[in-house]
Amino acid sequence: IAMRLEDLADPYNHNFQLTSRFRTRTITEGIIVNPSQNEVSFTSFPREPEQTETLFWSLPAQFLGNKLASYGGKLKYTQQYLAGDGGDLYADADVEMTGNGISVFYVNIPTLNPQEIRTFEIELRETNWQRVDSRGPTSATREDFMKVLANVEALLIRASFHNRMQQTLLRDVQMDTSVPQSTGQSLATAVEQCVCPPGYIGLSCEV
């Protein structure tokens, strides 16, 4: 599954948007599209540091839904951002996935610095992911992760890192997913295919 802006009849019909963590605020205006770089960017950040709110790129529909076939694969993307003089970096989740009432998040170490261009490859497995819990973050279990992947309702990639953000860029988003037939790529050994009892279907008999 990949972000391919050049393949769209209208590259501006990309369906990427920016959102707050709990998706109470959504931004669709002001997103700049660069099909030749397979990139979306945004520059309309508040000028006052006290208005800082972490924004996330909300990925479009092809990255949502039943993604059990992506278990054990990688989420890959490239990022860069620009920040004004002064101000500070701040820590936050870098990727967050929500599904079936569960949210899990991942933190990249080390954090991305201003002007740095970095490609991330994050394993879609519970290792190093944490679950959002009312009592505080806890290590995600395999059960947590599979429940989220069974119906991904939101997949968010952090867009703001600094309290004087000027520009954020996201390009070349890809999510590995397995298919039954040979593609010439490596085998997805982490994906299970269960023999389901009557009345259930799906890779993990989730339906």
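Biologist: How many salt bridges does a search of the whole structure find?

Modeller: Side chains of opposite charge can pair when their charged atoms come close. Here the search of the whole structure finds 12 salt bridges, each being a side-chain nitrogen of Lys or Arg within 4 Å of a carboxyl oxygen of Asp or Glu. This is a predicted model, in which local features need pLDDT of at least 70 and side-chain atom pairs count only at pLDDT 80 or more, while totals for chains, interfaces and linings use all residues. Residues are numbered from 1 along each chain as its sequence is written, and side-chain values use heavy atoms, with hydrogens and water left out.

Biologist: Which residue forms a salt bridge with Asp 92?

Modeller: Arg 21 does, with the closest N and O atoms 2.3 Å apart. Arg 21, Asp 92 and Glu 96 are linked in a network of salt bridges.

Biologist: Is Asp 92 buried or exposed?

Modeller: Buried means under 20% relative accessible area, exposed over 50%, and partly exposed in between (1.4 Å probe, protein chains only). Asp 92 has 16% and is therefore buried, whereas Arg 21, at 24%, is partly exposed.

Biologist: Which side chain makes a polar contact with the side chain of Asp 144?

Modeller: A polar contact is a pair of N or O atoms within 3.5 Å; within protein, one must be able to donate a hydrogen and the other to accept it, and residues adjacent in sequence count only if both atoms are side-chain atoms. For Asp 144, the partner is the side chain of Arg 131, at 2.8 Å. Asp 144 is buried, with a relative accessible area of 9%.
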